[in-house]
Amino acid sequence: MRTRRLEISCPLCGSAEVSYTCTPNCCFNHVCAGCGTTFEPVTRATGRKVSGIEPPTPLPDPADPTVACARCDSTEVYLTPENTAVCAQCGALLEIELTEIHTA
Ligand SMILES: [Zn+2]
Ligand SMILES: [Zn+2]
């Protein structure tokens, strides 16, 4: 299954201009370019799995939205054609939840 880069919209203004500002071994702080809100996305395994995940081309930039898989901690989480987050390492389908939301 071909996937595309993860997209996360700002929980406050809905902008898709969201960047990842840290590194996976530190935290998952993201910032919205539109309104300056920061948040950390976390994933929850849905219990469903798929196989044959193809990573997107080109691969995401380090500043693109990034989350860790709730099952295997991989940050190779992409979107299926149905807009579901999926881990390319273990194939888990994931739900994304936004935490630590702080408005600027
Ligand atoms: Zn915003
Ligand atoms: Zn995984």
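In this predicted model, strands E5 (residues 85-87) and E6 (residues 92-102) run antiparallel and are joined by two bridges. Across this pairing, Val-86 sits opposite Leu-93 of E6. As a bit of background, strands in a sheet pair up through backbone hydrogen bonds, and they can do so in parallel or antiparallel fashion.

Zooming out, E5 and E6 belong to an open sheet of six strands, laid out in the order E1-E2-E3-E6-E5-E4 with antiparallel pairing. Strand E1 (18-20) and strand E4 (77-79) sit at the edges with a single partner strand each, so one side of each has no neighbour in the sheet. From one strand to the next, the twist averages 45°.

Next comes the core. The largest nonpolar core holds 18 residues, and those with the most contacts inside it are Leu-6, Cys-69, Val-77, Ala-85, Val-86, Cys-87 and Leu-94. Strand E2 (30-32), E4, E5 and E6 are the elements that give two or more residues to this core, and E5 gives the most, with three. Leaving aside residues up to four places away in sequence, Cys-87 touches quite a list: Cys-69, Arg-71, Cys-72, Ser-74, Glu-76, Val-77, Ala-92 and Leu-94.

Gly-36 makes a handy loop example. Gly-36 lies in the loop between E2 and strand E3 (38-49). Gly-36 counts as partly exposed because 13 other C-beta atoms lie within 10 Å. Setting aside residues up to four places away in sequence, Gly-36 touches Val-31 and Ala-104. Pro-24 is 12 residues from Gly-36 in sequence, and the two are 21 Å apart in space, C-alpha to C-alpha.

Key. Residues are numbered from 1 along each chain as its sequence is written. Chains are lettered from A and ligands numbered from 1 in the order in which they are written. This is a predicted model: local features need pLDDT of at least 70, side-chain atom pairs count only at pLDDT 80 or more; totals for chains, interfaces and linings use all residues. Two strands pair if DSSP finds at least two bridges between them. Helices (H or I, at least four residues) and strands (E, at least two) are DSSP runs, numbered from the N terminus. Axes are lines fitted to C-alpha atoms, for helices over the stretch in contact, and angles run from 0 to 180 degrees between N-to-C directions. A nonpolar core is a set of buried Ala, Val, Leu, Ile, Met, Phe, Trp, Tyr and Cys residues joined through C-beta atoms within 7 Å. A residue is buried if 20 or more other C-beta atoms lie within 10 Å of its own, exposed if 12 or fewer, and partly exposed in between; C-beta atoms are placed from the backbone. Two residues are in contact if their C-beta atoms, placed from the backbone, lie within 7 Å.
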